[in-house]
Amino acid sequence: MKNISIHEGMTLSCPDSFRVMTLEELNKISASHYPNRFGIWDEEAKVMLSFIWHKINVMAVSLTDPRRNLYGVEMQMRHMLQPFGYKKTGSQKRQIAGRKAKGFSYEYQVNGQYQSGEVFLFKNGRNFYTLYTYAWEPMEGEVQEKIHCIVDSIRFQ
């Protein structure tokens, strides 16, 4: 296992088979070229996790509704992946680094290749984080266990 620092004291642990993604690789998996991004990838297992974060001002922290933000992310993904048979498969809640996170799961196909994923939104201080997970097979069993183990390792110092 290796420990990786992501942003402002946020860290995670992942198996040695994962590596940090390049900017070019991040650009391929996201329509957004937002500068505050980070990702890890296990090429052999075909599993990725990526983060996008943004800082909001003090006034907006109290006014921002995470459900509205999550809905916006889901609509963006639906629009982007509709040509590939995008289907939302569920809504989820969990703890990430001791913070409440809300999310959803989805699936789609590219060139006949099944892909699945989960998205979670959570907040730490004035930062909002969006965590995207991707797998080239159903998000269940060993794949889901590997992803959830990494997500469970996320910490803020």
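**Aromatic contacts and a buried glutamate**

Arg94 lies over the face of Phe120, at 5.9 Å from the ring centre. A charge counts as over a ring if NZ of Lys or CZ of Arg is within 6 Å of the ring centre and within 35 degrees of the ring normal. The model is predicted: local features need pLDDT of at least 70, side-chain atom pairs count only at pLDDT 80 or more, and totals for chains, interfaces and linings use all residues. Residues are numbered from 1 along each chain as its sequence is written, and side-chain values use heavy atoms, with hydrogens and water left out.

Glu118 belongs to strand β8 (residues 113-124); strands are DSSP runs of E, at least two residues, numbered from the N terminus. The side chains of Glu118 and His148 are joined by a polar contact of 3.3 Å. Such a contact is a pair of N or O atoms within 3.5 Å; within protein, one must be able to donate a hydrogen and the other to accept it, and residues adjacent in sequence count only if both atoms are side-chain atoms. Leaving aside residues up to four places away in sequence, Glu118 touches several others (heavy atoms within 4.5 Å). Among them are Gln92, Phe104, Tyr132, Met139 and His148.

The whole structure holds 8 aromatic pairs. Rings of Phe, Tyr and Trp (its six-membered ring) pair if their centres lie within 6.5 Å; planes under 30 degrees apart are stacked, over 60 edge-to-face and the rest tilted. Trp53 and Tyr129 form a tilted pair, 6.4 Å centre to centre with 45 degrees between the planes. Trp53 lies in strand β5 (residues 47-55) and Tyr129 in strand β9 (residues 127-135), so the pair ties together parts 76 residues apart in sequence. Both Trp53 and Tyr129 are buried. The ring centres of Phe122 and Tyr129 are 5.3 Å apart and their planes stand at 15 degrees, so this pair is stacked. Phe122 is buried as well. Trp53, Phe122, Tyr129 and Phe156 form one aromatic cluster.

Note on methods: Helix = DSSP H or I, 4+ residues; strand = E, 2+ residues; numbered from the N terminus. Buried < 20%, exposed > 50% of the residue type's maximum accessible area, 1.4 Å probe, protein only.
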